[in-house]
Amino acid sequence: MKISNEGLDLIERQADRQHMPEMMLLCQILREIRELKQLFQQSDDSCDGSNYGSSCTVFAENERGT
């Protein structure tokens, strides 16, 4: 099940009204996990670009016979 950010906001507001700190904490944990996932994705994307540049250099050297 995938919960949107708006859904998390709604759940968190409802948990606040009903004084459910555990549910509010779970919402915050989900947000933090999503942020970490985005950071890891950005890191993977930048590494892939680096790897592509390296393989292009190796390919060019092989084509020239060096």
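Colleague: What volume does the largest pocket have?

Modeller: Start with the general idea. Rolling a probe the size of a water molecule over the atoms shows where empty space is left. The search runs on a 1 Å grid over the protein atoms alone; a pocket is an open set of points with protein on both sides within 12 Å along at least five of seven lines, whereas a cavity is a set where a 1.4 Å probe fits but cannot get out. Grid points are joined across faces, edges and corners, and a volume is the space filled by probe spheres set on the points. Here the largest pocket comes to about 180 Å³.

Colleague: What should I know about the model itself?

Modeller: The model is predicted: local features need pLDDT of at least 70, side-chain atom pairs count only at pLDDT 80 or more, and totals for chains, interfaces and linings use all residues. Residues are numbered from 1 along each chain as its sequence is written, and side-chain values use heavy atoms, with hydrogens and water left out.

Colleague: Which residues line the largest pocket?

Modeller: A lining residue has an atom within 4 Å of a pocket point. Lys2, Asn5, Arg31, Arg34, Glu35, Lys37 and Gln38 qualify. Helix α2 (residues 21-64) gives the largest share, five residues.

Colleague: How many charged residues does that lining have, by class?

Modeller: Classes first. Asp, Glu, Lys and Arg count as charged; Ala, Val, Leu, Ile, Met, Phe, Trp, Tyr, Cys and Pro as nonpolar; the others, Gly among them, as polar. The lining has five charged, two polar and no nonpolar residues.

Colleague: How many helices and strands are in the secondary structure?

Modeller: Helices (H or I, at least four residues) and strands (E, at least two) are DSSP runs, numbered from the N terminus. This protein has two helices and zero strands. His19 sits in the loop between α1 (5-17) and α2. Its phi is near 55°, a positive value in a residue other than glycine.

Colleague: Is His19 buried or exposed?

Modeller: Buried means under 20% relative accessible area, exposed over 50%, partly exposed in between (1.4 Å probe, protein chains only). His19 has 70%, so it counts as exposed. Of the 66 residues of the protein, 8% count as buried.

Colleague: How many salt bridges does the structure hold?

Modeller: A salt bridge is a side-chain nitrogen of Lys or Arg within 4 Å of a carboxyl oxygen of Asp or Glu. The structure holds two. One pairs Arg31 with Asp9, with the closest N and O atoms 2.3 Å apart. Arg31 lies in helix α2 and Asp9 in helix α1, so the pair ties together parts 22 residues apart in sequence. Arg31 is buried, at 18% relative accessible area. Asp9, at 32%, is partly exposed.

Colleague: Which residue forms a salt bridge with Arg31 at 2.8 Å between the closest N and O atoms?

Modeller: Glu12 does. This pair also links distant parts of the chain: Glu12 is in helix α1, Arg31 in helix α2, 19 residues apart. Bridges with shared partners join Asp9, Glu12 and Arg31 into one network.

Colleague: Which residues make the nonpolar surface patch?

Modeller: Patch residues have over 30% relative accessible area and no salt bridge; nonpolar side chains (Val, Leu, Ile, Met, Phe, Trp, Tyr) are joined within 5 Å, like charges within 9 Å. Accessible areas come from the Shrake-Rupley method with a 1.4 Å probe; for residues, only the protein chains shown count as cover. Ile11, Met23, Leu25, Leu26, Ile29 and Ile33 form a patch of about 500 Å². Helix α2 supplies the largest share, five residues. Met23, at 31% relative accessibility, counts as partly exposed.
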